[in-house]
Amino acid sequence: MVADALIYHPTVSHYLKFIATTVGRDKVLRVLQYFSRFLAWYLYRTNHPQSTIAPFETTKKQFGLTRKLLRVGKFVEHFKAAALASDAKSMDPVLRYTAIGRQLGYAGYMIFDNATVLDATSIKKFSASQRLLREAYRAWFAGISCSIISSIYSLYCLRERAAKINEKEGEGVVEKKKVDKEANAVKIQLLSDLCDITVPSAALGWVAFDDGIVGLAGTVSSLLGVYTQWKKTA
């Protein structure tokens, strides 16, 4: 009876839906990758032996490689999303162009990242891989920047919309709840992007973030991604 209760529990069904998605698995691996990055940095800074640090360094590298393989061919998805945003003529111009910029930035990141797979897996080493990786980070930075601009603009528009709502009316109360829900989703995306932008910024040497900051920021962003994907698969 206890086993049946566990097997047929709604949470188990929800978990199966979540883990069946590529995004769900990627976000879980990303949490482990970036938290391992932070732990490796922390243990090194606190003078722990290399034998203690090595497992976390390996986890960071291997899960990073696994995620890189899962991203192969994903650039097509972002090109399609950019095309759909371009065709959405009725969309707010700022949101439309930032959506196009975001998706093209992510597509560029995926293309350059995919180009380094053979080198990363040691199937075929080539000297241009580091240059391609830097271009990937530049494209990722551009995509995240567009997403941040979009989120800030969306929050401004939602605040303007909320100011016009008359909460004394029944429809106004419903509309206010809808606006609050949308604003909460945008805030989560904005926080995630602000965390994520530390990764390409540090990798390109534009800011002096160490592995501790990048690891923590990446962990927070990844946990937010897990939360968002978990809600989508409910």
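The questions below concern a predicted model.

Q: Why is T219 called buried?
A: Its relative accessibility is 8%. Buried means under 20%. Therefore T219 counts as buried.

Q: Where is T219, and which residues beyond its neighbours within four places in sequence is T219 in contact with?
A: T219 sits in helix α11, residues 211-232. Those contacts are V31, Y34 and F35. Contact here means heavy atoms within 4.5 Å.

Q: What makes a set of residues a nonpolar core?
A: The residues must be buried, of nonpolar types such as Val or Trp, and joined through side-chain atoms within 4.5 Å. The largest such core has 13 residues. Y34, Y109, W140, I144, I148 and V199 have the most contacts inside it. Two elements, α6 (93-115) and α8 (129-163), each give two or more residues to this core. The largest share, five residues, comes from α8. Another core, of five residues, lies apart; L158, I165, A183 and V186 are among them.

Q: Why are α8 and α9 called roughly antiparallel?
A: Their axes cross at roughly 155 degrees. Angles over 145 count as roughly antiparallel. Therefore α8 and α9 are roughly antiparallel to each other. The axes come within 9 Å, and the crossing is left-handed.

Q: What kinds of residues form the contact of α8 with α9?
A: The contact divides into 12 nonpolar, four polar and seven charged residues. From α8 come residues including W140, I148 and R161. From α9 come residues including K178, L190 and D193. I148 is in contact with L190, D193, L194 and I197, leaving aside its neighbours within four places in sequence.

Technical notes:
Residues are numbered from 1 along each chain as its sequence is written. This is a predicted model: local features need pLDDT of at least 70, side-chain atom pairs count only at pLDDT 80 or more; totals for chains, interfaces and linings use all residues. Side-chain values use heavy atoms; hydrogens and water are left out. Buried means under 20% relative accessible area, exposed over 50%, partly exposed in between (1.4 Å probe, protein chains only). Axes are lines fitted to C-alpha atoms, for helices over the stretch in contact, and angles run from 0 to 180 degrees between N-to-C directions. Angles under 35 degrees count as roughly parallel, over 145 as roughly antiparallel, 65 to 115 as roughly perpendicular and the rest as oblique. A crossing is left-handed if the near helix is turned anticlockwise from the far one by less than a right angle, and right-handed if clockwise. Ala, Val, Leu, Ile, Met, Phe, Trp, Tyr, Cys and Pro count as nonpolar, Asp, Glu, Lys and Arg as charged, and the others, Gly among them, as polar.
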